[in-house]
Amino acid sequence: MELNAVTIGFFVFTILTLGGGLGVVTTRNLFQGTIWLMVSLFGVAGYFVLLSAPFLAAVQVLVYIGAIAILITFAVMLTRSVTRINERYIRTIPSFVASLALFLVLLFGITVPIFGDYPSEMAPTVVMTTRDLGVALVEGNGYVAPFLLASVLLTAAMIGAIFIARDEDS
Amino acid sequence: MNVLNEWAFVGLFALMAPVFPALPIVIAWLFRPRKPNVLKSSTYECGVETIGDTWVQFRIQYYIYGLIFLVFDVEMVFLFPWAVAYNEMSLFGFVAGFLFIFLLTDALFYAWKKNALDWK
Amino acid sequence: MDELCTGLCKFMVESGADAGLAQFASLLVGVLLVSGVPLLTVIILIWVERKVAARIQDRIGPNRVGPLGLMQTFADLLKLLGKEDITPTSADRVLYNAAPLVSFASVVLIWVVVPFTPFHFGVDLEIGALYFVAIASLGTLAIMTAGWASNNKYALLGAFRVVALLVSYEVPLVFALLAPVMLAGSMSMLDIVNAQTGMWFVVLSPLAFVIFYISSQAETGRAPFDLIEAESELVAGFNIEYSGMKFGMFFAAEFLHVFTNGILMALLFFGGWMGPLYYESPLIAFAWLGLKGTIIYLTTLWLRNTVPRLRIDQIMAFNWKFLVPLSIANLILLSAALKILQELGIAPRDMLSAGFVDVLPTTIIMLLINLVMVAYLLGILRRHGQEFRRASQANQRTLAQAASGAGD
């Protein structure tokens with residue numbers, strides 16, 4: 001049963017992820033494209049659940065569907081032609097080549113061990129909890145510097161965004 | 001109940017959840033009258049005939065709120081594990097968390113001073 | 001639900017059913033049982049909502065159909081069934097139909113992590129508290145989709161405003177949510193309730209509760225934050241084009257969301273099912289949770305029916321310039337006090353096993369800190385109010401002078 005459920009889940013989430021991605025690139029409507037993108041990202045959240053990382057799944061839904069989707073729709077409404085992307089923006093062959101190249105890079109990056117062989121104990125058997133994550137974020141030999149660096153990055157992102165988006169006069 | 005079984009429950013629930021509101025809608029679909037005409041199924045808006053396109057350009061303020069929200073949302077992602085593990089940390093844990101929040105409060109303060117938080 | 005599943009599973013396997021099928025069936029039964037609670041309550045809630053609103057406005061409310069008008073909801077349901085369902089020709093058909101479903105589903109899905117009693121709950125997810133925030137964000141997307149798919153200027157404008165409001169108030173909501181998570185040291189709803197054995201979190205961090213209360217009132221789009229139903233400005237908001245049952249679903253979702261928030265607050269801050277004799281029977285525990293949730297729910301109705309609507313600029317200013325800084329300050333002060341007290345050995349490091357006596361000194365200190373903060377806040381608010389009044393008086397004076405000048 002357990003293997004079964006996981007397999008079914010994997011197929012469902014794969015259909016969601018790939019189908020959503022297909023929807024994004026085929027629709028001519030920017031808002032529908034956003035919704036398709038969310039379907040795709042929801043599928044990715046499902047993968048995280050299957051990988052026993054429910055925290056990341058919740059983060060995926062919270063950040064991507066809760067915030068990025070909203071941000072994209074706000075951004076979409078700043079553009080002119082929402083329902084029909086102008087014909088002159090469609091470049092089938094260059095985008096096909098670019099995405100194929102990216103796909104190959106990812107494929108080789110994952111399957112070919114460039115930096116030596118992966119030791120077989122790479123995949124941990126212990127399922128880490130959110131508490132372990134929190135402890136690792138701040139304790140001595142953990143990830144304090146990246147934790148604070150993330151904060152600096154977020155601050156910079158926000159200040160930069162406001163700097164660009166604001167009108168000069170105000 | 002192991003973890004995946006729990007999520008199987010959530011998954012099944014997620015499949016069922018849209019069914020509950022869909023059920024009365026489908027039942028209504030069976031019973032309701034159907035007498036469409038051109039005028040009835042035109043956009044209602046405020047009762048007067050619609051003028052122009054709906055997809056007008058919106059003000060940028062929405063986008064700025066969205067951006068600030070996104071930044072805070074990502075911050076939450078870091079703060080949740082921090083809060084969960086908080087009881088096990090030493091004083092250093094508080095200092096790290098405080099610095100993290102303080103830096104972002106700076107950004108909020110900047111937005112405030114630049115009037116980016118005002119609805120215009 | 002947990003025990004029922006194992007019970008049913010075992011029974012089915014023993015009577016010769018396939019193990020996988022048995023597990024699936026028991027999961028399905030669990031899902032139906034858990035979802036039954038919100039679905040049944042929403043029928044009652046519509047009646048409660050109307051009755052309370054009527055009483056506050058010195059009316060009687062529904063009183064014709066059935067005793068005390070209790071059957072009114074069913075009558076309304078029958079009426080809605082017979083209503084013609086109009087989909088505007090210019091609307092985006094698929095998204096237009098999907099939006100009310102997602103809107104309602106996003107609220108029902110919150111109930112997955114709601115523990116009804118210590119032993120009866122859907123599932124106890126490790127990330128429970130984060131789960132319901134994430135799920136609630138699906139509702140935001142549904143409103144945006146509804147507004148967009150209607151292909152109507154007012155609907156889109158309404159949806160944009162509502163979504164801007166919803167995302168803005170999510171920030172203080174989550175900051176306030178971090179307080180119980182931090183105190184309990186866990187995101188699981190069951191742990192959060194159990195950690196309140198010693199002391200309810202509303203006593204340990206009253207400000208966090210107030211912030212959570214205000215922002216969840218905004219999250220449901222209730223007065224004074226009811227931009228969702230801005231009849232005077234935007235005809236109705238994001239749901240103008242909807243009719244019949246689909247229109248009804250948006251409202252059912254809203255009613256249920258308000259009550260769900262009441263239950264969530266009862267769980268996060270008021271000790272959930274904790275109360276005299278709760279350990280005697282699951283029924284008593286369930287009754288305590290229901291009672292607490294209902295009381296909080298009724299106060300939100302009271303608030304809704306007594307305060308006027310704010311303008312969008314006021315709502316945004318209140319959130320970003322008052323509520324968000326306050327929630328951040330509250331979180332920092334709470335964490336600082338908690339850590340210092342823990343280092344001094346006064347506060348327990350594990351709330352789950354802490355009794356009333358262990359938490360008492362912490363509680364007193366926390367209450368004092370909150371009191372100082374509230375006094376300071378009231379000072380700020382009073383000063384701000386005086387300034388505002390002075391400015392508006394001066395404004396009126398100049399207007400009056402201009403008017404009299406024009407009269408001459």
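Helix α5 of chain A (residues 130-138) packs against helix α3 of chain B (residues 60-84) at an angle of about 100°, and their axes lie 7 Å apart; here axes are lines fitted to C-alpha atoms, for helices over the stretch in contact, and angles run from 0 to 180 degrees between N-to-C directions. The model is predicted, with local features needing pLDDT of at least 70 and side-chain atom pairs counting only at pLDDT 80 or more, while totals for chains, interfaces and linings use all residues. Residues are numbered from 1 along each chain as its sequence is written, and chains are lettered from A and ligands numbered from 1 in the order in which they are written.

- Because angles of 65 to 115 degrees count as roughly perpendicular (under 35 is roughly parallel, over 145 roughly antiparallel, and the rest oblique), α5(A) and α3(B) are roughly perpendicular to each other.
- On the α5(A) side the contact involves T130(A), R131(A), L133(A), G134(A), L137(A) and V138(A), which meet F78(B), P81(B), W82(B) and V84(B) of α3(B), where contact means that C-beta atoms, placed from the backbone, lie within 7 Å.
- The contact of α5(A) with α3(B) has 7 nonpolar, 2 polar and 1 charged residues, with Ala, Val, Leu, Ile, Met, Phe, Trp, Tyr, Cys and Pro taken as nonpolar, Asp, Glu, Lys and Arg as charged, and the others, Gly among them, as polar.

**Chain B**

- Chain B has 4 helices and 0 strands, where helices (H or I, at least four residues) and strands (E, at least two) are DSSP runs numbered from the N terminus.

**Interfaces of chain C**

- The contact between chains C and B takes 70 residues from chain C and 54 residues from chain B, and the chain C side divides into 42 nonpolar, 14 polar and 14 charged residues.
- The contact between chains C and A takes 21 residues from chain C and 17 residues from chain A, with α5(C) giving the most to the chain C side, 11 residues.

**Nonpolar core**

- The largest nonpolar core has 203 residues, and those with the most contacts inside it are A58(A), L130(C), A159(C), V163(C), L178(C) and V181(C); such a core is a set of buried Ala, Val, Leu, Ile, Met, Phe, Trp, Tyr and Cys residues joined through C-beta atoms within 7 Å.
- The largest share of this core, 25 residues, comes from α6(C).
- Leaving aside neighbours within four places in sequence, V163(C) is in contact with I70(A), T140(C), I143(C) and M144(C).

Terms used. Contact = placed C-beta atoms within 7 Å. Buried ≥ 20, exposed ≤ 12 C-beta atoms within 10 Å, placed from the backbone.
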